[in-house]
Amino acid sequence: MKINFNSNPASSGFSTIMMMIILMVVGLVLLIGFNLLICSWQKAILIENQYYRQFNQANSSLTWAITQNWQAPKANWHCMTEPTYHLKACIKRSLLKVDNYVLVRGEAEDEDFFLYTLAHFDNNRLIVEKGHWLDYCPEKKAIYCE
């Protein structure tokens, strides 16, 4: 005697279609998740690239500033620019009570990104000692850095 477990052939087709729909939904959810992950990675890479571009330009501005002849620093910022490479550096007398420092600021073009260093002023030149590079303004109040 032969037993037929599949008494209704239509139910077998329906379960196959439901299984295919479920697999397609799971696949779609995975693809959307991977797309969102890749988009967030791309955004992080763009932000990091922008930071390093700004950092390198501000650092180049500081390096360039050290090679220039400057007027005696005053209480306000005095800036010089180099148009070919879009470098901008500024100096002013520091308000720190030690060593009569000059505050040197290197800027990234068209950005509010600054790097600072402390230097001594001698004969229209800036003399920078090792270890005086800063990624923040050393003045006690932020208004003195603007």
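This is a predicted model: local features need pLDDT of at least 70, side-chain atom pairs count only at pLDDT 80 or more; totals for chains, interfaces and linings use all residues.
I take helices and strands as DSSP runs, a helix having at least four residues and a strand at least two, numbered from the N terminus.

**Entry 1: the whole chain**

I read the elements off from the N terminus and found the order α-β-β-β-β-β, which comes to 1 helix and 5 strands. I then looked up the radius of gyration, which is 32 Å, whereas the globule rule gives 15 Å for 146 residues, so the chain is more spread out than a compact globule. The box that the C-alpha atoms fill along the principal axes is roughly 115 × 35 × 25 Å.

Next I looked at cover and surface. Of the 146 residues, 27% are buried, and the chain exposes about 10,900 Å², with carbon and sulfur atoms supplying 62% of that area. For contacts between residues at least 6 apart in sequence, I noted that 42% join residues at least 24 apart. On charge, I found 13 positive and 13 negative side chains, the centres of the two sets lying 5 Å apart.

**Entry 2: the hairpin of β1 and β2**

I turned to the strands and began with β1 and β2, which run antiparallel and are joined by 5 bridges. They form a hairpin with 4 residues between them, and in its turn H86 has a positive phi of about 60 degrees.

**Entry 3: strand β3 and its two partners**

How much of β3 is buried? I found that 6 of the 6 residues in this strand, which covers residues 102–107, are buried. In a regular strand the side chains alternate between the two faces of the sheet. For β3 I noted V102, V104 and G106 pointing one way and L103, R105 and E107 pointing the other way, and all of these are buried.

I then followed the pairing of β3 on either hand. Strand β2, residues 87–93, runs antiparallel to β3 and is joined to it by 6 bridges, and the bridge partner of A89 in β3 is G106. Strand β4, residues 114–122, is likewise antiparallel to β3, with 6 bridges joining the two, and here V102 stands opposite A119. I also recorded that β3 and β4 form a hairpin with 6 residues between them, where D110 in the turn has a positive phi of about 55 degrees.

Setting aside the neighbours within four places in sequence, I found E107 in contact with Q57, A58, S61, K88, C90, F113 and F114.

P73 sits in the loop between α1 (9–66) and β1 (78–82), and at 15% relative accessibility it too counts as buried. Leaving out neighbours within four places in sequence, I listed the contacts of P73 as I91, K92, R93, V102 and F121. I also looked up how P73 stands to F55: the two are 18 residues apart in sequence, and their C-alpha atoms are 25 Å apart in space.

Is A142 buried or exposed? With a relative accessible area of 57%, A142 is exposed. I then checked A142 against N56, which is 86 residues away along the chain, and found their C-alpha atoms separated by 23 Å.

Definitions and conventions: Residues are numbered from 1 along each chain as its sequence is written. Side-chain values use heavy atoms; hydrogens and water are left out. The radius of gyration is taken over C-alpha atoms; the globule rule is 2.2 Å times the number of residues to the power 0.38. Buried means under 20% relative accessible area, exposed over 50%, partly exposed in between (1.4 Å probe, protein chains only). Contact means heavy atoms within 4.5 Å. Accessible areas come from the Shrake-Rupley method with a 1.4 Å probe; for residues, only the protein chains shown count as cover. Lys and Arg count as positive and Asp and Glu as negative; His and the chain ends are not counted. The place of a charge is taken as NZ of Lys, CZ of Arg, CG of Asp or CD of Glu. Two strands pair if DSSP finds at least two bridges between them.
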